Amino acid sequence: MNIVQCTFCKKPFASLGGRACPACLEQIDKDFITVRDYIYEHKHSNIDIISKETEVPKQIIMHLLKEGRLIIDSPDGDGLLICEMCKKPINTGRLCKECMGKVSSSMDKNVADHKKPEPKPEEPNIKGSAKINS
Ligand SMILES: [Zn+2]
Ligand SMILES: [Zn+2]
């Protein structure tokens, strides 16, 4: 367990891996429902209006979008979110569909690599022997 600073209220807390403290997580869950209901009723809205009308901070709305819990109801996400790999506009999450595909297929490859048996130990180390953690 690590002590980290909460992304939202900046207080230190004991984290199990997340970046938000339990109090903020609870608040985010409530905000999520508020924003989700708002978007459901006002389909073509943008984040400024949503934030103003629901009184949910933009930071939290962005967080929910990046987590993929909220989706902006326009294909390019009103330019609010961009794919972290190819910089294309997206409407939810961190990556566009194509990059998600790439990432998950390379992850599959990693998993497959891990399943491979140990490399042969008798291979002579000719090139790398003089290299020390450069
Ligand atoms: Zn917090
Ligand atoms: Zn992409």
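N2 has S15 as its bridge partner over in β2. That strand, like the others here, is a DSSP run of E of at least two residues, while helices are runs of H or I of at least four, numbered from the N terminus. This is a predicted model, where local features need pLDDT of at least 70, side-chain atom pairs count only at pLDDT 80 or more, and totals for chains, interfaces and linings use all residues. Residues are numbered from 1 along each chain as its sequence is written, chains are lettered from A and ligands numbered from 1 in the order written, and side-chain values use heavy atoms, leaving out hydrogens and water.

**The hairpin**
- Strand β1 (residues 2–5) runs antiparallel to β2, with four bridges joining them; strands pair if DSSP finds at least two bridges between them.
- Six residues sit between the two strands, and K10 takes a positive phi near 65° in this hairpin.

**The zinc site**
- The zinc ion (ligand 2) has C83, C86, C96 and C99 as its protein donors, each through SG, lying 2.3 Å from it; donors are N, O and S atoms within 2.8 Å of the metal (3.2 Å for Na, K and Ca), and water is not among the atoms, so sites may look incomplete.
- The site is tetrahedral, with angles of 104 to 118° among the four donor atoms; four donors get that label if all angles lie between 85 and 135 degrees.
- For reference, the ideal angle for four tetrahedral donors is 109.5 degrees.
- Along the sequence, the donor spacing reads C-x2-C-x9-C-x2-C.
- C83 sits in the loop between β3 (81–82) and β4, and C96 in the loop between β4 and α4, 13 residues apart.
- Both C83 and C96 are buried, meaning under 20% relative accessible area with a 1.4 Å probe, protein chains only.

- The largest pocket has a volume of about 300 Å³; a pocket is an open set of points on a 1 Å grid over the protein atoms alone where a 1.4 Å probe fits, with protein on both sides within 12 Å along at least five of seven lines.
- It is lined by 15 residues, and T7, F8, R19, A20 and H63 are the closest to its centre; lining residues have an atom within 4 Å of a point.
- Helix α3 gives the largest share of that lining, three residues.
- The second largest pocket holds about 210 Å³ of space.
- Twelve residues line the second largest pocket, with N91, T92, L95, C96 and K97 nearest its centre.

Note on methods: Grid points are joined across faces, edges and corners, and a volume is the space filled by probe spheres set on the points. Four donors count as tetrahedral if all angles lie between 85 and 135 degrees; four count as square planar and six as octahedral if opposite donors are over 155 degrees apart and all others between 65 and 115; anything else is irregular. Buried means under 20% relative accessible area, exposed over 50%, partly exposed in between (1.4 Å probe, protein chains only).
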